[in-house]
Amino acid sequence: MNMIFSTGAELFDICKENNITISEAAVRYELEIGERTRGEIYSEMRLNLKTMKDSIKQGISSKHVSVSGLVSDDANTLLEFAPESVMGENLTKIVASAMAVTEVNATMGRIVAAPTAGASGILPGVLIEYAHQRRLDDEMLLKALFNASAIGVIIAKNASIAGASGGCQAETGSASAMTASALVEMRGGTVAQSLDAAAMTLKNVMGLVCDPVAGLVECPCIKRNALGAVNAVLCSDMALSGIKSIIPFDEVVISMRNVGRMMHPDLRETAKGGLAATPTGLKIAEQMAKEKYDLAKNSKRD
Ligand code: SF4
């Protein structure tokens with residue numbers, strides 16, 4: 001049977017007809033499109049998983065301050081607050097892990113784009129910390145990553161995963177949808193529940209604009225990763241509880257694409273609208289430009 005899927009409906013049919021999970025369908029998709037063996041596909045994913053784990057460790061173990069000063073170790077600040085958090089310690093740790101990875105990204109550390117660098121915290125933050133809390137092994141995590149990749153492929157084929165073309169809904173929204181679906185499979189849910197979780201996650205951030213202050217992937221990006229982690233966990237819970245998405249996953253993806261196309265260019269990573277255009281956002285951008293100019297002037301003199 002052809003294992004190539006482009007929509008959630010096709011993915012569902014493949015899983016049903018072959019009696020396989022989304023993660024297995026993703027591996028078979030990879031086998032069909034490339035010349036890699038199953039072992040090679042797994043080795044590559046294992047490497048991604050290791051990099052993801054390292055980025056969480058790095059983010060939590062050291063204080064991260066970016067050149068702009070906009071990133072200032074918020075992951076650890078939240079972590080210290082965990083015992084008092086209304087979210088509870090487990091979810092707070094998940095969110096802090098997501099923030100830690102994006103802080104590493106903002107300070108030029110090594111991360112895995114999942115699906116992009118700007119949204120790189122959600123997938124590892126949620127899945128790795130959840131696995132750690134539940135003492136799940138790496139095999140389970142690898143399967144979850146394959147599941148997430150299937151959802152990412154469908155969104156990329158039919159809409160967009162980049163803030164520059166679809167706004168933040170496409171970037172952190174896609175990361176959340178991938179994570180929610182993977183989390184459902186990790187927790188023993190069905191294919192339909194995975195697709196429902198992904199749909200609900202995207203619906204929750206429909207219309208979210210991309211408006212990075214001073215054009216840096218720092219503010220509001222790190223906190224959007226925090227929100228994305230909560231969104232993914234919430235939607236996996238909703239799907240597993242039996243709540244369904246009224247709008248099917250494929251229709252949500254197309255709708256997200258259309259909303260992205262309607263978005264003014266000022267709201268698609270150009271740093272001309274939204275939070276980037278607030279008085280404070282503009283002041284930060286001005287300050288950054290001045291510092292860059294002074295640095296270039298001084299280095300010329302040297
Ligand atoms: S605001 Fe833009 S740059 Fe920042 S995470 Fe969202 S899509 Fe990426």
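User: How far apart are the end C-alpha atoms of helix α5 (residues 89-106)?
Analyst: Helices here are DSSP runs of H or I with at least four residues, strands being runs of E with at least two, and both are numbered from the N terminus. The expected span of a helix is 1.5 Å times one less than its number of residues, so the 18 residues of α5 should span 26 Å. That agrees with the separation of its end C-alpha atoms in the model, which is 25 Å.

User: What pLDDT do side-chain atom pairs need in order to count?
Analyst: Residues are numbered from 1 along each chain, following the sequence as written. This is a predicted model, in which totals for chains, interfaces and linings use all residues, whereas local features need pLDDT of at least 70 and side-chain atom pairs count only at pLDDT 80 or more.

User: How many of the 18 residues of α5 are buried?
Analyst: A residue is buried if 20 or more other C-beta atoms, placed from the backbone, lie within 10 Å of its own, exposed if 12 or fewer do, and partly exposed in between. By that count α5 is largely enclosed by the rest of the structure, because the number of its 18 residues that are buried is 16.

User: At what angle do α3 and α5 pack?
Analyst: Two packed helices are described by the angle between their axes and the distance between the axes. Axes are lines fitted to C-alpha atoms, for helices over the stretch in contact, and angles run from 0 to 180 degrees between N-to-C directions. Angles under 35 degrees count as roughly parallel, over 145 as roughly antiparallel, 65 to 115 as roughly perpendicular and the rest as oblique, and α3 and α5 are therefore roughly perpendicular to each other. Their axes lie 8 Å apart, and the angle is about 90°.

User: Is I56 buried or exposed?
Analyst: I56 is in helix α3 and, leaving aside residues up to four places away in sequence, touches S97, A100, V101, P124, G125 and I128. With 23 C-beta neighbours inside 10 Å, I56 counts as buried.

User: How far apart are the axes of α2 and α7?
Analyst: Helix α2 has buried residues that pack against α1 (8-18), α3 (38-61), α7 (138-158), α9 and α10 (191-204). For α2 and α7 the packing angle is about 70° and the axes are 7 Å apart. That makes α2 roughly perpendicular to α7, and the distance between their axes is 7 Å.

User: Which element gives the most residues to the shell around the ligand?
Analyst: A residue is near a molecule or strand if its C-beta atom, placed from the backbone, lies within 6 Å of it; 14 residues surround the ligand, the closest being G118, G163, C168, C210 and C221. The elements giving two or more residues to this shell are α9 (168-186) and α11 (221-241), and the shell divides into seven nonpolar, three polar and four charged residues. The largest contribution is three residues, from α9.

User: Near what value is omega for the peptide bond from C219 to P220?
Analyst: Most peptide bonds are trans. The bond from A114 to P115 is cis, with omega near 0°, and P115 sits in the loop between α5 and α6 (122-134). P220 lies in the loop between α10 and α11, and the bond from C219 to P220 is also cis, with omega near 10°.

User: What value does phi of E269 take?
Analyst: Most residues other than glycine have a negative phi. D73, in the loop between α3 and α4, has a positive phi of about 60° although it is not a glycine, and with 18 other C-beta atoms within 10 Å it is partly exposed. E269 is in the loop between α12 (249-262) and α13 (279-301) and is buried, with 23 such atoms within 10 Å. Phi of E269 is likewise positive, near 70°.

Note on methods
Ala, Val, Leu, Ile, Met, Phe, Trp, Tyr, Cys and Pro count as nonpolar, Asp, Glu, Lys and Arg as charged, and the others, Gly among them, as polar. Two residues are in contact if their C-beta atoms, placed from the backbone, lie within 7 Å.
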